[in-house]
Amino acid sequence: METLIEVIEKELEELEEIMKSGGYGFNYAKDLLRKAKKHCEAEDLDKCLDYIRKAREGAERERRIASSLEELRSVVRRDLLLKRLYEEVVSRVR
């Protein structure tokens, strides 16, 4: 059975892999990691793990959204109306 520290290390490794994909800000995940760090420093490892998991889930969501927007951009290049709509959607997402 894994210890809590081993689970935290595993989650952090997974999060690091997601964030290496690059091109994304991952601001939500970074904010949650700051909160996780405070809990780890206070030795509240359960709460630390919760924040790390939320950060990983947020980073995965952000990566999926950004990836979908990239795919959409390649499709809309051919249609000026779609391109304007795409730009509007992206500006709202950011």
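This report describes the helices, salt bridges, disulfide and nonpolar surface patch of a predicted model.

Local features are reported at pLDDT of at least 70 and side-chain atom pairs only at pLDDT 80 or more, whereas totals for chains, interfaces and linings use all residues. Residues are numbered from 1 along each chain as its sequence is written, and side-chain values use heavy atoms, with hydrogens and water left out.

**Helix H3 and its cover**

Helices are DSSP runs of H or I with at least four residues, numbered from the N terminus. Helix H3 covers residues 45–76. H3 has 32 residues and spans 46 Å between its first and last C-alpha, close to the expected 46 Å; the expected span is 1.5 Å times one less than the number of residues. Buried denotes under 20% relative accessible area, exposed over 50%, and partly exposed the range in between (1.4 Å probe, protein chains only). Among the buried residues of H3 are Cys-48, Tyr-51, Ile-52, Arg-56, Leu-69 and Val-76. The cover over the buried residues of H3 includes H1, H2 and H4.

**Salt bridges**

Side chains of opposite charge can pair when their charged atoms come close. A salt bridge is taken here as a side-chain nitrogen of Lys or Arg within 4 Å of a carboxyl oxygen of Asp or Glu. The structure holds six salt bridges, including those tabulated below.

| Pair | N to O distance |
|---|---|
| Arg-56 and Glu-11 | 2.6 Å |
| Arg-56 and Glu-60 | 3.4 Å |
| Lys-35 and Asp-31 | 3.7 Å |

Arg-56 forms a salt bridge with Glu-11. This pair links distant parts of the chain, with Arg-56 in helix H3 and Glu-11 in helix H1 (residues 4–19), 45 residues apart. Both Arg-56 and Glu-11 are buried.

Arg-56 also meets Glu-60 in a salt bridge, and these two residues lie in H3, four residues apart, or about one turn of the helix. The relative accessibility of Arg-56 is 13%, so Arg-56 counts as buried; Glu-60, at 23%, counts as partly exposed. A network of salt bridges links Glu-11, Glu-14, Arg-53, Arg-56 and Glu-60.

Lys-35 and Asp-31 are both located in helix H2 (residues 27–41), again four residues apart, about one turn of the helix. Lys-35 is partly exposed at 35% relative accessibility, and Asp-31 is partly exposed at 33%.

**Disulfide**

A disulfide is a covalent bond between the sulfur atoms of two cysteines, and is assigned here when a pair of cysteine sulfur atoms lies within 2.5 Å. The structure holds one disulfide. It joins Cys-40 and Cys-48, whose sulfur atoms are 1.9 Å apart. The torsion about the S-S bond is about -55 degrees, and the disulfide of Cys-40 and Cys-48 is therefore left-handed. Cys-40 has a relative accessible area of 28% and is partly exposed, whereas Cys-48 is buried at 0%.

**Nonpolar surface patch**

Patches are made of residues with over 30% relative accessible area and no salt bridge; like charges are joined within 9 Å, and nonpolar side chains (Val, Leu, Ile, Met, Phe, Trp, Tyr) within 5 Å. Accessible areas come from the Shrake-Rupley method with a 1.4 Å probe, and for residues only the protein chains shown count as cover.

Ile-65, Leu-82, Leu-85, Val-89 and Val-93 make a nonpolar surface patch of about 400 Å². Helix H4 (residues 80–93) contributes the largest share of the nonpolar patch, four residues. Val-89 is found in helix H4 and is partly exposed, with a relative accessible area of 35%.

Note on methods. Contact means heavy atoms within 4.5 Å.
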